[in-house]
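User: I've got a structure here that I'd like to go through with you, bit by bit. Could you take my questions as they come?

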Amino acid sequence: MKTVIFENGDWSTPATAVPGALELEETPERLTAGNAPAHADVEVACVFLGSRLDAAALHQLPRLRYIVTRSTGFDHIDIAFCKRHDIRVCNVPSYGDPTIAEHTFALLLMIAHRMTEATQRARAGQFSPEGLRGFDLAGKTIGVVGTGAIGRSVVRIARGFDMNVLANDINPDPLFARKWNARYLPLDLLLSQSDIVSLHVPLTSDTMTMIDKSAFAQMKSGVIFLNTARGEVTETGALLAALQSGKVAAAGLDVLADEHLLRKDGSHSAPLTPTEKRHLELNKLLLEHPAVVATPHSAFNTDEALQRINQITLKNLIAILDGAPVNLVTPDNI
């Protein structure tokens, strides 16, 4: 089967590890509507988060049978289109449990100890702690929204910092909560009682903009807000307004809504829609806000996590070749 590994880099699965029967090609390009015609013969597309497999791209790939994404999330793929056209999608169900949880706490510690400002001041030779007062994590209450693999890692790390832990999930796990001294609460109660709110839910129709103006209104004044899940889980305008009013004292973000629009590589050469223009404008305002600590969707980016991604992706490709695909995205988890 004609297979193309898109967004290939120095960390990707080496070609020598992939069975030759897959007729492998590799390219550093992202797969989008713009370059899809050049790959009209692809049968297996192995992609990463930079590719945009919307209907406009998929319509131009008539031979496509499988999409193998080197990610847990699959919101960059039009799953409804794939279901209608019998294109099967495989993902990496879990690879970043400790990695993304650690990154979440890196963002939180940067905020708590004013690390950005402190580092800039020290490098400038202004060796004074004046005006850099932070806060302890010990004794603070963190609300963990979503207790899948990553959320659970966040809970465990939080307990190591001697924090109080609240949790929310559509499928609460009382045994896990009891073991780690956490309490499951409805979302509104979690938001109102947490000093820090951290998001760890997948992007679905149910979680799209779940943290909106109403949700921010339910939070404590001066709350710390963290998002290492997906940008679209938060209503960007509402977050910006909450920062401007001081309702949210600081935000640690690894993801933004329509974050691909911020790339400087021409991957969004098509004219922007009004919604995309608005998101681009709001994202720029967020990144410029002094109370925001942001990273460019890099929470996954460690040697160990990338190795796990490659191992599972290789298994997915081999399983396709064997006619028994695994890690399929099914209607049950959409």
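User: First up: is Phe161 buried, partly exposed or exposed?

Analyst: Keep in mind that this is a predicted model. The relative accessible area of Phe161 is 32%. Buried would need under 20% and exposed over 50%, so Phe161 is partly exposed.

User: Which residue does Phe161 form an aromatic pair with, and where does that partner lie?

Analyst: The structure holds 3 aromatic pairs. In one of them, the ring of Phe161 is stacked on its partner, at 5.4 Å centre to centre and 0° between the planes. Phe161 is in the loop between helix 5 (149–160) and strand 7 (164–168), while the partner lies in helix 3 (97–112), so the pair ties together parts 56 residues apart in sequence. The partner counts as buried at 4% relative accessibility, and its name is Phe105, in helix 3.

User: What about the rings of Phe216 and Phe225: are they stacked or edge-to-face?

Analyst: Both residues count as buried, Phe216 at 3% relative accessibility and Phe225 at 0%. Their ring centres are 5.4 Å apart. The planes stand at 65°, and over 60 degrees is what the label needs, so this pair is edge-to-face.

User: Phe225 also lines the largest cavity. How much space lies in that cavity?

Analyst: Searching the whole structure for cavities of 30 Å³ or more turns up 1. Its lining includes Phe225, Asn227, Leu253 and Asn283. Strand 10 (223–227), helix 9 (236–245) and helix 10 (274–288) each give at least two lining residues. As for the space in the largest cavity, the value is about 60 Å³.

User: How many charged residues are in the lining of the largest cavity?

Analyst: Sorting the lining by class gives 7 nonpolar residues and 5 polar ones. Leu239 and Val255 are among the lining residues. The count of charged residues there is none.

User: On to the second largest pocket: what is its volume, and which histidine is among the residues closest to its centre?

Analyst: The second largest pocket has a volume of about 460 Å³. Of its 22 lining residues, those closest to the centre include Glu259, Arg263 and a histidine. By class, the lining has 12 nonpolar, 5 polar and 5 charged residues.

User: Last one: which ring does the charged end of Arg152 sit over?

Analyst: A charge over a ring has to be within 6 Å of the ring centre. The charged end of Arg152 is 4.7 Å from the centre of its ring, and that ring belongs to Phe176.

How values were computed: Residues are numbered from 1 along each chain as its sequence is written. This is a predicted model: local features need pLDDT of at least 70, side-chain atom pairs count only at pLDDT 80 or more; totals for chains, interfaces and linings use all residues. Side-chain values use heavy atoms; hydrogens and water are left out. On a 1 Å grid over the protein atoms alone, a cavity is a set of points where a 1.4 Å probe fits but cannot get out, and a pocket is an open set with protein on both sides within 12 Å along at least five of seven lines; lining residues have an atom within 4 Å of a point. Grid points are joined across faces, edges and corners, and a volume is the space filled by probe spheres set on the points. Ala, Val, Leu, Ile, Met, Phe, Trp, Tyr, Cys and Pro count as nonpolar, Asp, Glu, Lys and Arg as charged, and the others, Gly among them, as polar. Rings of Phe, Tyr and Trp (its six-membered ring) pair if their centres lie within 6.5 Å; planes under 30 degrees apart count as stacked, over 60 as edge-to-face and the rest as tilted. Buried means under 20% relative accessible area, exposed over 50%, partly exposed in between (1.4 Å probe, protein chains only). A charge sits over a ring if NZ of Lys or CZ of Arg is within 6 Å of the ring centre and within 35 degrees of the ring normal.
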